[in-house]
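Subject: Structure handover

Hello,

Here is the structure I promised to pass on. Please open it and keep it beside you while you read my notes.

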Amino acid sequence: MQFDQVLRTFSEFFAREKIRYAVAGGLAIHAWGRSRTTQDIDFAVDGSEQRRVITFAESIGYRTFHVSDGYSNHEHPDEAFGRVDLLYLYGTTADRVFEAAAHLLIAGATQAPVPKPEHLIAMKVQAIKNAPRRVAIDVPDIEYLLTLPGVDRVTVRDYFETVPACCESSMSSKKTLDVDFERDLPTTAADLEALARARNLRPLATDQYLDWLTLMTATTEPIRRHNTDEDEPFEL
C-alpha cells in the first residue's frame with residue numbers, strides 16, 4: 001500500500017471540500033512518536049459529511065463493504081491503494097476532537113491534523129469495547145500515549161470506566177485492566193511482555209516508516225476485518 005499517496009489523496013479532498021477530519025490509527029500513533037505496523041489508513045471525519053466522503057472514496061475506485069452511523073470500511077482492488085477505514089464523529093464529540101487536533105508531520109513534508117493523545121486513547125477504549133480482541137493491539141498504544149508529556153490522566157481515567165466489562169472475555173486473568181495510573185496499565189503476563197516489546201521499539205523517521213509500512217503490506221497477507229452493525233458511534 002502506498003500510504004503517502006493515499007494519505008495525500010484523501011487529505012487534499014478533505015481540505016478542498018472543507019470537511020473536518022483527523023488522521024487516526026497507526027499513522028496517528030506514529031505522528032506522536034511510536035512506530036508500529038498497520039495495514040490501513042484510518043481517518044476520523046465529521047459524520048455530517050458521511051455521504052460525500054463515501055461517494056468520493058467510491059469515485060476513485062474504493063469498494064464499500066460496511067457502513068454504519070459510526071464507521072465505514074473501504075478497500076481498493078489495487079493493493080497499492082489498500083484499505084481506508086473511516087470513523088464518523090458527531091456533535092460535541094466532533095467539535096472537541098477536531099478543535100483540539102494537532103497538525104503533525106505524517107508523510108514526507110505533509111502535515112495533517114491528528115487527535116490529541118487523550119482523544120486517541122478514548123478512541124482505543126471504544127475500539128476495545130466494540131471488539132475485545134483488540135486488547136493486544138491497542139493496550140501497547142495506550143501505554144505509550146500515557147507516557148507523553150502533559151497527558152491529562154484524570155480525563156483518561158474516566159474513559160476507562162467502560163473498559164473492564166467489555167474486556168473480560170479477552171484477558172486471561174480474572175481481573176481485567178485494573179488501571180493503576182501510577183504504573184500505567186498493569187495487565188496479564190502476556191500483555192506485559194507485549195508492553196515491554198513496545199517500549200523497545202525505536203521510532204523511525206517519517207519516510208523510513210512509510211517505506212517500512214509499504215514493504216510490510218506488500219509481503220504480508222492483509223487482515224480482512226470489518227465493523228459490525230452493533231458498533232457504537234464514538235463519543236467523548
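**The core**

The largest nonpolar core has 60 residues, and within that core Phe10, Phe14, Phe43 and Val45 touch the most other members. Please note that this is a predicted model. Take Phe14 as a way in. Leaving aside residues up to four places away in sequence, Phe14 touches Ile19, Tyr21, Phe43, Val45 and Val53. Two of the residues named for the core, Phe43 and Val45, are in that list.

**The chain as a whole**

Now step back. The protein chain has ten helices and seven strands. It runs to 236 residues, and 51% of them count as buried. Look also at how far apart in sequence the contacting residues are. Among contacts with a separation of 6 or more, 66% are between residues 24 or more positions apart.

**Two helix pairs**

Two packed helices are described by the angle between their axes and the distance between the axes. I looked at two pairs this way.

Start with helix α1 (residues 3-16) and helix α3 (residues 50-59). They pack at an angle of about 140°, and their axes are 12 Å apart. An angle over 145 degrees would count as roughly antiparallel, so this pair is oblique instead. The crossing of α1 past α3 is right-handed. On the α1 side, the contact uses Thr9, Phe10, Phe13, Phe14 and Arg16. On the α3 side, it uses Arg52, Val53, Phe56 and Ala57. Sorted by type, the residues of this contact are six nonpolar, one polar and two charged.

Next come helix α5 (residues 117-130) and helix α6 (residues 135-146). Their angle is about 160°, with the axes 10 Å apart. These two helices are therefore roughly antiparallel to each other. The crossing of α5 past α6 is left-handed. From α5, the residues that meet α6 are Pro117, Leu120, Ile121, Lys124, Ala127 and Ile128. Their partners in α6 are Val135, Asp138, Asp141, Ile142, Leu145 and Leu146. By type, this contact has nine nonpolar residues, no polar ones and three charged ones.

Is Gln50 buried or exposed? Gln50 lies in helix α3. Its relative accessible area is 17%, and buried means under 20%, so Gln50 is buried. Not counting residues up to four places away in sequence, Gln50 touches Val67, Ser68, Asp69, Tyr71, Tyr88 and Tyr90.

Trp32 sits in the loop between α2 (25-31) and β2 (40-46). With 22% relative accessibility, Trp32 counts as partly exposed. Its contacts, again leaving out residues up to four places away, are Ala102, Leu104, Val114, Pro115, Lys116, Pro117, Leu120, Tyr144, Leu145 and Leu148. Look at Tyr144 in particular. Trp32 and Tyr144 are 112 residues apart along the chain, yet their C-alpha atoms are separated by 9.4 Å.

Most residues other than glycine have a negative phi. Lys18 is not a glycine, but has a positive phi of about 55°. You will find Lys18 in the loop between α1 and β1 (21-24). Lys18 has a relative accessible area of 73%, and exposed means over 50%, so Lys18 is exposed.

Best wishes

Notes: Residues numbered from 1 in each chain as written. Predicted model: local features only at pLDDT ≥ 70, side-chain atom pairs only at ≥ 80, totals over all residues. Heavy atoms only, no water. Core = buried A, V, L, I, M, F, W, Y, C linked by side-chain atoms within 4.5 Å. Buried < 20%, exposed > 50% of the residue type's maximum accessible area, 1.4 Å probe, protein only. Contact = heavy atoms within 4.5 Å. Axes fitted to C-alpha atoms, helices over the stretch in contact; angles between N-to-C directions. Helix = DSSP H or I, 4+ residues; strand = E, 2+ residues; numbered from the N terminus. Parallel < 35°, antiparallel > 145°, perpendicular 65-115°, else oblique. Left-handed = near helix turned anticlockwise from the far one by under 90°. Nonpolar A, V, L, I, M, F, W, Y, C, P; charged D, E, K, R; others polar.
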